[in-house]
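Please look over the sequence and the model together before reading on. The report that follows takes up a pocket and then a pair of helices.

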Amino acid sequence: IDTDPDDSSFRKAMLLSEGVLLHLDEAATPFTRIWCDFELYKALSDENQLLDVVALRKTAQGQTVPIVLSDGLLPGEPLSKKTKRESS
């Protein structure tokens, strides 16, 4: 790792991506990892990078379902469906 994280191969790879997908577990583990924090900071600081968040929750029937908050629309998703998906 370089002394400047912006010069690292990890950061260079991030610059080639469209954004970041943050997968939150019950303990919010990514927030305890410095590279995850760096990645989040860079994604939030760069208006060209998207930040999507996914977590899992249990339904009343005991099923585990993903909850997705997306910075933009998912492929083929109209705005009305995004609004409904993120309100549940």
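On a 1 Å grid over the protein atoms alone, a pocket is an open set of points where a 1.4 Å probe fits, with protein on both sides within 12 Å along at least five of seven lines, and its lining residues have an atom within 4 Å of a point. In this predicted model, local features need pLDDT of at least 70 and side-chain atom pairs count only at pLDDT 80 or more, while totals for chains, interfaces and linings use all residues. Residues are numbered from 1 along each chain as its sequence is written, and side-chain values use heavy atoms, without hydrogens and water.

The predictor's confidence in each residue, pLDDT, runs from 0 to 100; its mean for the protein is 91, and 98% of the residues reach 70 or more.

The largest pocket is lined by Glu18, Gly19, Val20, Leu50, Leu51, Asp52, Ser70, Gly72, Leu73, Leu74 and Pro75. Strands are DSSP runs of E with at least two residues, and helices are runs of H or I with at least four; β2 gives the largest share of this lining, three residues.

| Class (members) | Lining of the largest pocket |
|---|---|
| Nonpolar (Ala, Val, Leu, Ile, Met, Phe, Trp, Tyr, Cys, Pro) | six residues |

Turning to the helices, Phe10, Arg11 and Met14 in α1 meet Trp35, Phe38, Glu39 and Lys42 in α2, where contact means heavy atoms within 4.5 Å. By class, this contact of α1 with α2 has four nonpolar, no polar and three charged residues.
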